[in-house]
Amino acid sequence: MFANIKNRLASVIAPDMPALPSSSDHHHAHRITSSSYHQRLVHQQQLQDKFTYSRPHFLQLLTPDELKASADHNVRPIIVPRDISLLPWGTGYAECVNSGKSEWNEDQGAFCRQVLSDPTHRYPDLPYTYFGIFDGHAGYGAALAASHQFHYILHEKLVDCLEMLLLREGMEDVAHTSLHNPNTANSIPHPSQFHRTVSKDELIMGALESAFFHMDALIAQDKDRYRDAGGCTACVSLFINGKMYVANAGDSRAVLCQRKISFENEKIPNAETTGSEGSYAIPFSFDHTPETERTRLLGVAQYKPHLMGKFYVAMEYAKRPHEKDLGQRILCRQGTMKGWTYKTLTRDDLRMPVVTGEGKRSRLLGTLGVTRGFGDHDLLAIATGTLLKPFLTPQPDVKYKDLTKIVSIPDEQNEDGDYGVLIMATDGLWDVSENDAVARTVFQTLHKYPTERHRYTMVAQELVAKARGKINDYGHWRLADSKAAATVDDISVMVIPVYQYYKEHIEWEQRCAREYRERLKQEQLAQPAVEAKEVDAANTAGVLVNGTTEMAQVIVESPSLGHETVEKLSRENEQDAGTLQTKEQMEQNVSRIANNSEEQVKETVQEIINKVTEELDTINLIENKSTANEKAFVVQSNSPNKTKRPKRQEDKNRQPDKR
């Protein structure tokens, strides 16, 4: 009886959902799964939260009373930052709690400004700014953990490719030196050494994708140590190196609102403008729901049928099948098919499809309305207790825009229209607002507040107010302009002025170029002094070598020395000359000095000076030995015991030797 009531209730909630199987095996397996799941829930309640519940730090809601007031489901107050200077570039933020779906606001917002520093100080530091919007479900833990931890993970991933991201245009000579210098600290090879071309954009996109997977794995590691965190979507933007990157996993959305200048109203005198003329929206993310990812989900179920058990079927029907249709031909498509075909209906085809419903009512295994994000590691299907995580993935879609290629005319004063205003928001906004309508609201509000510092905060507040609507006499929230149902979900909106970042980036580039030119100028001024030291060292070494050689020749050819003494001095000179450098060796040293850096030049010059000093000492020693030997030879020549040899009388008429 209870099973029949449950099936009827499921049919009322989702009319296109077929009846659940009611076999005894199903009930037995469901009892076992429910029992283990209940035990796990009891265990989870005994654990503590990893992070204490709080709102984004830039809202400065610090006391329990302020947190409780922000979660009033009857009033649904719109919360904005008290101090707008806490967010960079005047970025706007506003949020609003749900109308009673959950106790607390399960959305979270975050931002972080960081710098990538070169440990070798060869390149200037590279700053970047990150923003994140996280929409939690089945609890606030996953969104809270992502807002506290994701920017640390992203920074680690960017540091991994730091050496390739820091290469700058205009500094190719420095990069060339680092590549050909064996003493460089770089451990990552240059892209020219890769077999495939790898761009900086691909490195940053890879860092974002890897950070998403790492964050999901971190939540999985904490599931046994802390209370169940549930799950969350993630929409992240990264501003770095003059470009804007957006990564999204889930049904949160990022839209770039832009505007073209229209000259038609200028031709009409006294024409009233709202500021929204020519506005349009460019989506920078796409929702990941069971409907949009039907092909992927059915493919997973088709190639891994054990994930469905005996409860689901990887089929999609043009018309809901019933038992009376058994044996008849029915129009359907299976797995990853894009077209439709006919098949004969069997009893197995009456199982619940993996994807049911359409649009925002589409559900995965009849339970979850989002298919990408963080967490949900223990989430089970409502009716069958089947684990949903194998069908989910944290893989984000990443898009980027090069802001340096945008052409903006200063006289038009349309910087926000040319560069755009990035709107990042949870599905509480997008459920009741179209992209183009949001773009119109953005530029209408900016037109009302042309110079105020809080103008982007006013944009965020206006968007939240329109999506929340107003409560009527019956306690229902309705949109103000159409009286249609307003959103009952949490709403979080972040308004990022892209042009303000680009101005900051231009100033940073100019500062880096100025510092680079000053460094080159200092190196050029220091180069003549280094070259002069090299020349002086080479000349000194050359003079010493030549002087030593000439002195040795004078000693050998001296007529006043005896034959034995000359041979002795020659042997000593040959032994001492073996320790001296030749002129060719000195020239090789000078050539080697020219190829080294300034620090190596100083070290090499000092080595040459030390060697020259040693050579001078050697020369003085040789001179002292020569003087002593000459004195000894003179003493021996003047000795009285030595008989002088008489001179031979030569014949005056003797002819000289013609030879």
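Biologist: How many bridges join strand E10 to E11?

Modeller: This is a predicted model. Strand E10 covers residues 329-334 and runs antiparallel to E11. Within this pairing, Ile 330 stands opposite Lys 343 of E11. The number of bridges that join E10 to E11 is four.

Biologist: Which strands form the edges of the sheet?

Modeller: The sheet is open and has three strands in the order E9-E10-E11, with antiparallel pairing. An edge strand pairs on one side only, and this applies to E9 and to strand E11, residues 341-344. Neighbouring strands are turned against each other by 55° on average, direction ignored. The edges are therefore E9 and E11.

Biologist: Against which strands do the buried residues of helix H9 pack?

Modeller: Helix H9 spans residues 294-303, and its buried residues are Arg 294, Leu 297, Leu 298, Gly 299 and Ala 301. In an α-helix, residues three or four places apart point the same way, because there are 3.6 residues a turn. The buried residues of H9 pack against strands E9 (315-317), E13 (355-356) and E14 (363-364).

Biologist: Is strand E17 mostly covered or mostly open?

Modeller: Strand E17 comprises residues 421-425. Val 421, Ile 423 and Ala 425 point one way, Leu 422 and Met 424 point the other way, and all are buried. With five of its five residues buried, E17 is mostly covered.

Biologist: Which strands pair with E17, and in what sense?

Modeller: Strand E6, residues 253-259, pairs with E17 over five bridges, and Arg 253 has Ala 425 of E17 as its bridge partner. E17 also pairs over five bridges with strand E20, residues 491-497; here the bridge partner of Leu 422 is Ile 496. The pairing is antiparallel with E6 and likewise antiparallel with E20.

Biologist: With which side chain does the side chain of Asp 125 make a polar contact?

Modeller: Asp 125 lies in the loop between strand E2 (107-116) and strand E3 (126-137), and it counts as partly exposed because its relative accessibility is 37%. Leaving aside neighbours within four places in sequence, Asp 125 is in contact with Val 115, Leu 116, Ser 117, Asp 118 and Trp 508. The side chain of Asp 125 makes a polar contact at 3.5 Å with the side chain of Ser 117.

Biologist: How far apart in space are Asp 125 and Leu 166?

Modeller: In sequence, Asp 125 and Leu 166 are 41 residues apart. In space, their C-alpha to C-alpha distance is 7.7 Å.

Biologist: The structure holds 18 aromatic pairs. What kind of pair do Tyr 53 and Trp 104 form?

Modeller: A pair of aromatic rings is described by the distance of the centres and the angle of the planes. For Tyr 53 and Trp 104, the centres are 4.7 Å apart and the planes are at 40°, which makes the pair tilted. The pair links distant parts of the chain, 51 residues apart: Tyr 53 is in the loop between helices H2 and H3, and Trp 104 is in the loop between strands E1 and E2. Tyr 53 is buried at 10% and Trp 104 is partly exposed at 24%, while the kind of pair is tilted.

Biologist: What kind of pair do Phe 111 and Phe 131 form?

Modeller: Phe 111 lies in strand E2 and Phe 131 in strand E3, so the pair ties together parts that are 20 residues apart in sequence. Both residues are buried, and they belong to a cluster linked by ring pairs that also includes Phe 58, Trp 89, Tyr 93, Phe 239 and Tyr 501. With centres 6.3 Å apart and 25° between the planes, the pair is stacked.

Biologist: What share of the protein chain is buried?

Modeller: The chain has 659 residues, and its secondary structure comes to 17 helices and 20 strands. Of the contacts with a separation of 6 or more, 73% are between residues 24 or more positions apart. The buried share of the residues is 44%.

Definitions and conventions
Residues numbered from 1 in each chain as written. Predicted model: local features only at pLDDT ≥ 70, side-chain atom pairs only at ≥ 80, totals over all residues. Heavy atoms only, no water. Buried < 20%, exposed > 50% of the residue type's maximum accessible area, 1.4 Å probe, protein only. Helix = DSSP H or I, 4+ residues; strand = E, 2+ residues; numbered from the N terminus. Pairing = 2+ DSSP bridges. Contact = heavy atoms within 4.5 Å. Polar contact = N/O pair within 3.5 Å; in protein donor to acceptor, adjacent residues only side chain to side chain. Axes fitted to C-alpha atoms, helices over the stretch in contact; angles between N-to-C directions. Phe/Tyr/Trp six-rings, centres within 6.5 Å; stacked < 30°, edge-to-face > 60°.
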